[in-house]
Structures are given as structure tokens and as C-alpha cells.
Amino acid sequence: MKFATYAITLISASSIACGAPVTRRGLLNLDLGLCLDLSLLGLVTIDINKSRCQPKFSEEQPFPADKHTCRRIINDLNVDPTDIYVHCAPGHTGQEIGDVHMDRRVHESNDSPALRAPEVGPRRGNDDYYPSALAPSGSVPERQRPPPLPMRPNRMLYQPQQLWTDSRPGTVVVSPGLQGLSLYVDEQQRMYESAQQRQQQQAPRQQPPQQLQKPQPPPTAVDDRAPTTERVAEFRLDIPNGVCNMTQHPGDTIVGSVVVTVTKPTKAQRISLTFLGQERVYLRDPANTSLIPSLVKVDLNLFEKRLSLWGQEIDSNNQDSAQMDVLAPGTLRIPFSIKIPHVNYPATIKRDKVCRVRYLIWAQFERPGTFRDHDMTTPKELLYIEPLAYPTRLREVFRINQLIEPFADSSTSSVAVQVDGGLSQLPAMAGDRVLYQLEIRAVRSAAALGTDFADQRQAVPYTVRYVRMCVVERLYVRGLIKGSELSQSYRTDLFSVTLDPTGQIPGKHSNSAGVFASTGYLRLPVDLCPFESKQLSRTYELRIECDVADDSSLLDKVTRQTSTYTLYTPLDVCTVSPDGFTEATLNNAYADETMNISDIAPPAHHLAAAEPAIRIGGWEVERSYVKWDKHNPCWIELAKKKAAT
């Protein structure tokens, strides 16, 4: 009796929740939740007070909905589609689901006796509809629906987003007290799903109808569309790759063009070009006493040249747009050339937190506006400039004869290293091979000898095991900070090589003889370029490192006593070959103490007053203009690029 009461309660609750759609003509008495759900489907409109809703369509022009929308309105929202003037086809009301489901139940009753029991769950469709399999004789006939209306073009109607809905009967949610009944409902659900899967497997697969492809129009040779709706379609700086990728020297010429394309008559103030050379160094702040040093950057403009390529200079107090020039629709190309003077500017360089020298070029397009000027700037192009480093002496052998003393706290404080040898063909050009010949041995130090220098060459129980040669870049920076001039130096290793001792196996760098002797060639890097400027100077050095070990413990690495000795020697490098210089030329050519060769070597930038010269043209026609024309190939290519992006 208790189980029957719960079953009757469940069935009555289901019939109340999923009963026939309630008739509400005009939908003025719906709650806000139903109005929001219908508005998401695009079928009703909610008033400004959010208290009621009205349908968007009329009885004369209903909305032809698909089956998913119809099922959502009838089954989920419990609203009659005719009340909101939505037309549902005879097969889109969700009634066929009940027919198919009940027909399957009767058809499969012989195989599944459990399906003979009445199904418990929400009813589908209206209250006046009975499935054909269970309809008794003399029952209420099926509801007569009006014939479908002709479809209207989709562009005149709002098509709501198609939402996915599950066509299967939903599982009834019951209270924990009806666990036995809920298990029975789940069993019915599983039986329904298995029957539906078997029917889908037995049914022949139907191929979807092939859609006829619409004939494509023949490709047109000319694109009639405008390349862009913007007024300024293109503004760029065009510099040939041979200029950007090559290093410039004093006396060279930099060429390029400024390209601007407008689609409408445009008033503009001017098109200008700027060439800037800037030097920056970083110095430690002497006022900072913390453990973490703070750096102060000091900037120096080597030069800043600006030229107006188009338009005139306008006074800042009088900017009347009526007096400005007008650019006609089309592409304007303005070539320019920059002549670098015969001055040694510092080379383009960048070292983090040490120094930076750069040469930038960019263009600027200034246009008037209602409240402010519309300025456009091209990306800044970086140019590589190097000075001409002339030799200061003839090529000769640079001899090395030096004693390297140990450190006071070294474990081998009684041992020094004697380096003898030399480097040939110095000064050398960047990229040349330099012949070296070295003999290095371990001797007694001056502290161990005292005043007796006669036995300095006496053998000691130490051996020079390894020798390395490093090319070092030395930067010397200086500047003013709060009225005081400061200077600092930095060393950076460019590359190093380990020498092979003479008479040993090639590739074996260790030495066991009393004297480390080595002969070979040292290849210099190709990008070496010394220079001198007001805040920065760059030179090169050769560092020789010698590893000395104790002879008595060569086989015992734990107790072995080793030390490293370092020797710095200057490395004279130039960028102009010294083969054409004679002794008389070098002795009589220097004009002053700045070591600048008169009429041959260009002076440093801080000793010369010349600056780069910018002018229009110089390498092609001074100005070219291409009028807007849809048949112009340039405009067609520009239109394709804009459409692709």
C-alpha cells in the first residue's frame, strides 16, 4: 500500500511537470524565466521593465521552426507554439517519438516480457493525443493541424541558434524513499536504449544527398575593390638589402626611398627623414655605497640630421590646415641619399650594461587632425658603420720576453714562468693569420731568489702543462657624472685556442717536457675594428695562460699543486692593409698627437666638424608618383595583401 502511494505520487508529479502545453495567447502572463528562454531562441521580445514578453511574429507571418526548436518549446518549456506564432511541421512536434517508442514496445513484447508493463515517465505531446498502439476505440481523435505555410527566404527572418536536444525520454528524478521504483524506471530506460541501438544497426545506411555545387564565377583579371578603407594605406621606408646588410665606412653613400600610399585626397604637413647617431656608456655611481652597484647611463648624440622630403616647415603657432599641401590618391615614392663624411665615427656596437653605439634612420608622416596631429613613424632601421683603422707602424716581428711572477697567496709562490718568443706580421688586419713561436718554462720567482739572480734559470720541480692563447676585446668608457669625470675598463674574451706542444701527438695538449715549445698560426676574427671616440675606445689584447703543475705528483691529481699564470700583451689590429705604407710615410705623415695621418686617415668624430648630408634623390629620379587606378598592378598587389591580412 505504501509503495502504491509513492507510485501514484510520482506519476501525478510527472503529469503535472510534463503535461500539455498551457495556452497563453500573447504570452503576457509568463514569468521572467520563460520569457528569457524564449528570447534566447529569438522568438519573443522582453519589454524594458523585464516584466512581460511579446512574440516577434504574427499570425499572418509565422516562424517556420525546425524539429529541435519545436520539441524545445513543447516538451521543455511547456508552451503551445501557436501562441507565439511558430509553425511546427506534423513531424516536428515530438509525437512521433511516442508512436515509435510504443510501437517498439508492443512489437518486442514477445522477446522482452518486462516491456509489457506500462512505462513510467513524463508524457510527450498534448493531453488530447494518444499513441496509436494504446489508443482505445472511440477515443479522442488526433489533433488536426493546419497545412504548412510556404518557406520564406532566410535573409528576411531571424534564424535562432540551433540547440542540441536529446530525443530520448528523460530519466525521472525521485526521492530516496522510492529506490525500488527508480530502479524499475532505469531498467525501462536501458531496455529502450538497447532496442534503439539494435534498430539502428539493422536499418540500412542511407547516404546523405549530395549537394549541387554552385558554379564559380570566372576569375577576374583586375580586382575592382579598393585596397583598404584607411586613408593612408601604406607608409614605409624602403632601403635596399645591399645597404642594410653591408657595413658602411667613411665616404660611403646610403640610399633609399620613402613610400606613401593614400586612397583619398589627404592634407599633410610634411614627410621628413631623420638620421641619428647615438653613443651610450654605463658607469658605476660612486655615491652608491651598497653591495649591489648601480649604473648610470651617459648619452651622447654624435649627430642628428633631419630633412623635409615633402611639404614645408610649419610654424607651431600657426597651423592652419587650409595652407597645407594635399596628397592626391596614389603612391608617392621619394628617393633620398645620405653622404657619410670622411670622419671616423665609432663602430656599431652593443654590450649589455657596458656601452652601445647605434645609427638609426626613420621617416615621419605628419597629418593635421581636429584635436591633435596624426603622426605616423616607420620602424627604425639600424645601419652598421665602422671606421677606417690605419696602421701606425710597419709590419715587423713583435717579440715577447717577459717573466710572469706568481701571486702572493698562491700555492706555488716560489715558481715563476718565463715566456720567450714573438708574433710576426704585426700590425695585422682582421681575418689574417698571425705566426707565433713560444718557449715557456717554469723558473724560480724573485721572492725565492732574493738578491741572487744568477740561478734564476735553474730548473725547478714544476712543469708547464697547458698553454692557452685568447684574443681579448678591451673597452675603455668614460663620462661625466655630477660634474666629475669617471672612467672604467672592461675585458671580454672573443675566442681562445689551446696550443699543442711541439714534438707531441697532434691533438694532445698536455706537456711533460721541461720546456713548453709551440709554433703555429693564429687566425684573427674578421669583425675586429679598433676605434677611438669621446666616451668610448676599443683596443685588442692577447692573453697567454699557462698552467703549472708539480712534477712529483703528476700521477696523483689529489695532491697535485697547480697554478695559472697570465700574461697580457697588446695586439695591433688595423682595417687598412699596411703593405702600401713605407717608413718615410709613417714617420712624416702624422699631423698631431692624435695619431691621425694627414690627408690619409680620417680624423675622429670629436675632432672633426663635418656631419652627414641628406638630400633628395642622388641615385634615381627625384620623385615618382603613381595615380590611383584599379588596373594598376601595384594596386592589385596591395589589395591582395590587405585582403590576405
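1. Start with the overall pattern of the disulfides. Counting bonded cysteines along the chain, the links run 1-2, 3-4. The structure holds two disulfides. This is a predicted model. A disulfide is a covalent bond that joins the sulfur atoms of two cysteines.

2. Look at cysteine 35 and cysteine 53. They form a disulfide, and their sulfur atoms are 2.3 Å apart. The angle about the S-S bond is -60°, and the link between cysteine 35 and cysteine 53 is left-handed. What does this pair tie together? Cysteine 35 sits in helix α2 (residues 32-40), and cysteine 53 sits in strand β2 (residues 53-55), so the bond connects parts that are 18 residues apart in sequence.

3. Are these two cysteines buried or exposed? Buried means under 20% relative accessible area. Cysteine 35 has 1% relative accessibility, so it counts as buried. Cysteine 53 also has 1% relative accessibility, so cysteine 53 counts as buried too.

4. Now take cysteine 70 and cysteine 88. They form a disulfide with sulfur atoms 2.2 Å apart. The link of cysteine 70 and cysteine 88 is left-handed, with -105° about the S-S bond. Cysteine 70 belongs to helix α3 (residues 67-76), while cysteine 88 lies in the loop between β4 (86-87) and α4 (95-107), so this pair ties together parts that are 18 residues apart in sequence. Cysteine 70 is buried, and cysteine 88 is buried as well.

5. Two further cysteines deserve a look. Cysteine 244 has a relative accessible area of 14%, so it is buried. For cysteine 529 the relative accessible area is 0%, so cysteine 529 is buried.

6. Next, a sheet. Four strands make an open sheet in the order β16-β17-β19-β22, and their pairing is antiparallel. Why is one side of β16 and of β22 left without a neighbour in the sheet? β16 (396-404) and β22 (515-523) stand at the edges, and each has a single partner strand, so one side of each has no neighbour there. On average, neighbouring strands of this sheet are turned by 15° against each other, direction ignored.

7. Finally, zoom in on one pairing in that sheet. Strands of a sheet pair through backbone hydrogen bonds, in a parallel or an antiparallel way. Strand β19 (residues 433-444) pairs with β22 in the antiparallel sense. How many bridges does this pairing span? β19 and β22 pair over nine bridges. One place to check is leucine 438, whose bridge partner in β22 is serine 518.

Notes: Residues numbered from 1 in each chain as written. Predicted model: local features only at pLDDT ≥ 70, side-chain atom pairs only at ≥ 80, totals over all residues. Heavy atoms only, no water. Pairing = 2+ DSSP bridges. Helix = DSSP H or I, 4+ residues; strand = E, 2+ residues; numbered from the N terminus. Axes fitted to C-alpha atoms, helices over the stretch in contact; angles between N-to-C directions. Disulfide = S-S within 2.5 Å. Buried < 20%, exposed > 50% of the residue type's maximum accessible area, 1.4 Å probe, protein only.
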